[in-house]
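I opened my notebook for a friendly look around this model. Here is what I looked up, entry by entry.

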Amino acid sequence: MIRFVTALYLALFAAFPSYAEGVRLSLVDAGYGRSGSQLLLGLKVDLDEGWHSYWRSPGETGLPSSIEADDRSNAGAADVLWPLPERFEISGYETVGYRSSFVVPFTVPVDDRGSPASFRVKGTIYACSDVCVPFPVDLSSQTAPGFHDPSALAEIAPWLARVPREGQGPLKLLRSSVEGEKLTVQFSSPEMSAPSAFVDLGTRAFASLSSMNVDGPVATAEFAIVATRGKTVDPSGAPLVVSDGRNAYRTTVAASALPSVGILSAALIGGLLLNVMPCVFPVLAIKVFSLASAPISRRRASYGATAAGIVCAFLSMAGVVALLKAAGQETAWGMQFQQPVFLVVMTLLTALFAANLAGAFEIVLPSGVATRLHVATGGEGSAAAFGQGFVLTLLATPCSAPFVGAAVGYALSGGMAAVFPVFAVMGLGMALPYVALATIPAATRLLPRPGRWMSTAKYVLAAAMAASSGWLASLSAPAGWAWFAAICMLAVLAGSVLIWRGVPKAAAAACAAAFLIVPLVQTAPMTTDRDGVAWRAFEPARIDALVREGRTVFVDVSADWCLTCKVNEKGALATQEVRAILGSAQMVPMKGDWTRPDEGIARFLKSHGRYGIPFYLVVGPSAPQGILLPELLTVTAVRDAVNRAGRSDPRS
């Protein structure tokens, strides 16, 4: 069909030569250009007013232009460098190409620079005014050794600057995902002004731009893939060009919306590591303790139910994320801890768990739900264990273990098809210890044996759970005082009940005090001198200016509910070496507080492909796009990143 249309156009071209008067083709030869190692030429296409020409993928109408070097002597294959096109409408049809004269640069490698090089430039340029005409390209070039033409170079250079580059530079492709006949492309740039995106599907189909949404430094383009031959076309692997209005970057469309083996492996390992994070491990210890004296058969059933609860909780979170994404809302790992209602519910729930663990009361549900639910002591049926797994997962989200950031970032930035597999595998990873205890008989022998230690441990774990309740209460309001009063009342009630139940007064007082300790610990202001470091308020708009001044910026985004952040603060950030690094004259430490929802912080994280905290970024003269640090921070990681980013000469 394409050959027939081309032949028809050539026939029209021959029959009506006047149509060709609006377009002129010529070859601009700069010789060896600046590099001295390959020839630089340009096909100049002069268009009269009212004419337009097409890119490699022409859009809804027209045919793709093509150029190649043939009949070569002492020369290799040409690398044709198409300048960034524009998108416009012709008679209501979406068109991709050029509406004024342009130059298509191309380079040709030379086998022997001491000998002449010759070749012919052949191909077809399609252009339209009232009618569309194919303009055959058949131009010859012969270049003498060492030839260089500065005037020709000056004519090609502006168009060479518009050629999309390999490598991202200041422009970053965050994701490209395919779902059926819909393609979504998301990219970021600190210089976002007039974003555009183009997909080269050749003659198979065209990618019709449905929408282009700009959210600060992040642009999201959505395309409808329209087949030209009546068949469904998968754009996976097709050339992709994105631009922020100043820079252009070329890459390919992601092969599939489904997560790769690497991403799923990261999700599995990340979920497994969540079990040893500070917000999960104490609850896991309570679970193991509660079943220490139970028969093996009940242990296995309980662990299996807990594993099911964990996986179900992750799938539930995936469902919520999918709904929010469908509604166009922003999503993030641990975002529920930014919501006071969730914190209130979890505060009361963990307080009840603490009192129940201490033996103050038992929770009885209607017979249609479960016969009896011993939430913290293991229970008789599977409903209690299932509920434990569900709540355990909710408590895990303030922590961001290694590998979790990459997996969650992929899921939250990708399409719907990426969300459920990643969250399900992450849930399976977190449930693996329980699956092992439920399916491997020998694994149960590793559990502690029952004994007198259980009487003491019971109240210690109750105090730990009560402290969790107090911590959650301190997060539920900006000042925390209203909930502090409520927790005081709950502490007095819990202490009274425990004493009434025959618990020694010292143990009861310890459990009650645990409710009070955490709310009293107020987080210091983010912009004051903390740990010997003069933190500045988070101002992403100031980062580029500071880097241009030769400064290096260390960005720390954390939250009161992020326990991994607290571990990093007491660990790496509190060391004398890191304090000295961040306190040096060339360093600018910035701290962002994401305890409550903040669209500016969310956009900043999103622009770097992250959707959760802790978040650490080092930006400097040798790393203007920033160096991302791992979720679990180390002194070595901070020192190396600051040294790399702060070099005045990136080659040093």
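Is G31 buried or exposed? I found G31 buried, because its relative accessibility is 0%; buried means under 20% relative accessible area, exposed over 50%, and partly exposed in between, with a 1.4 Å probe and protein chains only.

A note on the source: this is a predicted model, where local features need pLDDT of at least 70, side-chain atom pairs count only at pLDDT 80 or more, and totals for chains, interfaces and linings use all residues. Residues are numbered from 1 along each chain as its sequence is written, and side-chain values use heavy atoms, with hydrogens and water left out.

Next I placed G31 in the loop between β1 (23-29) and β2 (38-47). Strands (E, at least two residues) are DSSP runs, numbered from the N terminus. Not counting residues up to four places away in sequence, G31 touches Q38, L39, L40, T143 and F147, with contact meaning heavy atoms within 4.5 Å. I also looked up S141: its C-alpha atom is 10.0 Å from that of G31, and the two residues are 110 apart along the chain.

Then I turned to the sheets. β13 pairs with β16 (residues 239-243) over 4 bridges, and A197 stands opposite V242 in β16.

My last entry is an open sheet of 5 strands, β20-β22-β21-β23-β24, with mixed pairing. β20 (536-537) and β24 (623-628) each have a single partner strand, so one side of each lacks a neighbour in the sheet.

Conventions: Two strands pair if DSSP finds at least two bridges between them.
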